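Student: I am new to this structure and would like to go through it with you. Could we start from the sequence and the coordinates?

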Amino acid sequence: MKKLPDRPELNADMCETADDGSLYIVNISRRAFLKDLALTGFVLAAGFPALISADETAAPVINKYGADAMPHGWVDNPLVFIAIAADGTVTIVCHRSEMGQGVRTSLPMVVADELETDWQKVRVEQAPGDEERYGNQDTDGSRSMRHFFLPMRRAGAAARTMLEAAAAAQWRVPVQEVRAEQDHVLHPATGRTLGYGQLAEAAAKLPVPARETLRLKNPADFRYIGKGQAGIYDGQDMVTGRAQYGIDARLKDMLYAVVSRPPVFGGKVLSYDAKDALKVPGVLKVIELKSSPPPADFNPLGGIAVIARNTWAAIQGRKALKIEWEKGPNGSYDSVAYKAELETAARKPGKVVRNNGDVDSALKSAAKRVEAEYYAPHLAQAPMEPPAATARISKGKCEIWACTQAPQASREYVAKWLKLPEDKVTVHVTLLGGGFGRKSKPDYVIEAALLSQAMNGKPVKVTWTREDDLQHSYFHTVSVERLEAGLDVQGKPVAWLHRTVAPTISSTFGPDSKHQMPAELGMGIINVPFAIANLRIENPEAAAHTRIGWFRSVSNIPHAFAIQSFVAELAAAAGHDPKDFLLDLIGPPRRIDPRTLGDTWNQGESPEVYPLDTGRLRGVIETAAREAGWGRKLPKGRGLGIAAHYSFVTYIAVVAEVAVDESGALSMPRIDIAVDCGPQVNPERIRSQIEGACIMGVSLATLGEISFKEGAVMQDNFHAYQLTRMDDAPREIRVHLLPTTDFDTPLGGVGEPGVPPIAPALCNAIFVATGQRIRQLPIRDQLRKG
Amino acid sequence: MTTLTINGKSRHIDLPADTPLLWALRDVLGLTGTKFGCGMAFCGACTVHLDGEPTRSCVTPVSAAVGKQIVTIEAINQDATGKKVQEAWLALGVPQCGYCQSGQVMVATALLKHNPKPTDADIDKAMSGNICRCGTYPRIRAAIKQAAGTKEIKS
């Protein structure tokens, strides 16, 4: 990564007032506000100037990564993100969706630090979907901070520079003599100060300084970055019931809808009878929504919608519908049969996606051969707030209020479905009551738009019930991972063959996709960093029979479960300590170019900036082991298990301590997690993300399973799709962040990488505690005796 | 027309008597702090207090709430224990997405009002009806102890 300029000399030209008339720091007192009275809490800024790049030719672009490489790229312009009112109130725009990761705290806090403004007084405003203006808004891939730490620093620094320049101009002193500090610009030589509010209008008329000239703060001067003292911006609203989620939208004369969707993916309505539904008090109308032909894409599933005066009436109306469905091509999808199908595929050669040395010969001549198959089922994201969206169409414009991780895609798809130009669609992003990948797919947003259209533009809110959410998700894939290894006489692995078979997310966008795409293979399987001379990875075909989608940490889940379980199985076969065996397998510290492993994706990051650093992987393993007291004596029925996984360019190792009692009941006294995610911008929220990822990992390891019969999902609510509750959660989760103070080193992701190593760490601990090896998730009652 | 007493005030609603209280609160009265999570009393997101008892509003018909004191998250700060719980929640950074936290705060408040010094087992028993998909359980436990003024009580 390019070393950041550390306080270079300011360009003297910046002191002069330039007036291009189109760029200004918006003065809030003059700014038009659109305030929907029915939606208390959503204040939407309007009237931004057209965006013009400060200097589009400044940086010669070779390979783009990070924010620059995302759709719609990135343009430095602090005026898009920062508004300063005449009274000094600073408003900072958050363009990423808040779903629990703390992004509405952390990103604006970065701007505030560089801007030298008091974070406690900052107002945060949520950006509507508009990537031309705000840069990428797809809140997924654990990349909000990774991609936007520097852009947000630059935004804050640019605005600070403009404020300093405005003050210097007003005082007629060289800009080098002034400095910004906590909402004021000071001229120490004369003791003069001016508040940001007094300077905002003049500063806004100055040109935006070019990226290369910016004077970013020395990290030693950070007030908030790296400190973890920021609090949670929306915390007060969240504990008092005032926080507004997508499901909470209320507009004047709003109608409420639920939809009965085809139980089988690819199915459609053959006929329906709405007579009884329309008799339900409060039900106003029944509307058929057309099913879309495959691929699924983000399109709605179709079905029969019930419009009512409140949600309950709509739900009752839906119950009274009589619908005859055509099941379509997936009507025989059966999870038991499909598992057997995946196993059959995994036992035969498949498409080779990485090949080093000669695995077949090495296996033949190995002193010992070990093989194992692992199964990980479909999962539903099950955010506590189910999908919900509200739409209103008026005068050729559509406004949306939605809990979406994909504001731009929501806008594009609604525009496409309504046949409106994109600039006639506004997507207001609410808080998300969890997302976990489900809300990256805006099918429910399009439903709201179509139903508003069908109701002559009246506001309509679509609410998904829990049954809808669990039965019509874009499910986490299902997989069989087959591993085979050869050990030499010392127990050292000499051959490694891994076949991964799982329907791919790309099947959601192209019906014939049967192989995992580079982004799925790059999630811990093709880039497995083991020092084994003979290594082959194959990916046999798997056809999808439902919508496959992103789930927090995606394909890392089955890959880490299989690989890290298998390593412990090999250690047992070799008679070695699992931690030492894992470290030996990783080999000495080295920085591996991911391209040499066949990983051309590398999480979308530069292979030079983000090599796979086995030293860092070793570091988290050693830290977790040390902190957990690896090797300590435990009573009968207890065990420690270790697992490590590199994902989202972050290194994580987990040591789980489990207890299995005589009846086979599993509990987790303590879990130690070591995290190396590079510099930590908001360590407090990083800890909370890792704790939460741990519990999601425990949940999917012990309970999570979506299964199909006759094409339809068998689980319909939380009694059938169980999630970990407090009494079954680990009693203690200890997060160990590897210290980093160098903010010039690249950032890793945080939201997702905590999930994958949990299941294998637990299963490895269970093996130590009981001698029983779990190869099929969820664990559920596999340990029960009698 | 049904009359309910919500957060100390009389409110009139015109809904069938079997309508769950949740939807009366959210859709008719605009009290959206009480959340929908499952509709079957599995997750606790919809918890309100009925005469001080934590109650799942998604399965409580409005007819069953008539004549009772209904308290929702919007007014729980007027209760000294509720306020203490909210403060502990913020001090320890409990919320992530925040969606289930209305229900968590309502249940934790009821727990502490009935049992000011709960053990870990008491906390498990009271709180395990509430699902948090973000996984804030360790901090919820710690915040309850902080609000109770007990650092560690072994069960």
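Tutor: What follows is a talk about a predicted model, taken by confidence, domains and chain contacts.

Student: What makes residues 1-61 of chain A a stretch to read with care?

Tutor: Their pLDDT stays under 50, on a scale of confidence that runs from 0 to 100. Where pLDDT is low, the coordinates should not be read in detail. The model has 108 contacts beyond four places in sequence for residues 1-61 of chain A. Chain A as a whole averages a pLDDT of 92, and 92% of its residues score at least 70.

Student: Into which domains is chain A divided?

Tutor: Domain 1 covers 12-237, domain 2 covers 246-329 + 387-463, and domain 3 covers 335-380 + 474-770.

Student: How do you know that domain 2 and domain 3 of chain A touch, with C-alpha centres 37 Å apart?

Tutor: A contact is counted between residues, because the test is C-beta atoms within 7 Å. The contact takes 13 residues from domain 2 of chain A and 14 from domain 3 of chain A. On the domain 2 side, seven are nonpolar, two polar and four charged.

Student: How many residues of chain A and chain B are in contact?

Tutor: On chain A there are 47, in contact with 46 of chain B. Helices H6 (235-240), H8 (311-319) and H18 (683-702) of chain A each supply at least two residues of the chain A side. H18(A) gives the most, with seven residues.

Student: What classes of residue does that side of chain A have?

Tutor: The side of chain A that touches chain B has 23 nonpolar, 14 polar and 10 charged residues.

Terms used
Residues numbered from 1 in each chain as written. Chains lettered and ligands numbered in written order. Predicted model: local features only at pLDDT ≥ 70, side-chain atom pairs only at ≥ 80, totals over all residues. Contact = placed C-beta atoms within 7 Å. Helix = DSSP H or I, 4+ residues; strand = E, 2+ residues; numbered from the N terminus. Nonpolar A, V, L, I, M, F, W, Y, C, P; charged D, E, K, R; others polar. Domains from an automatic or database assignment. pLDDT = per-residue confidence, 0-100.
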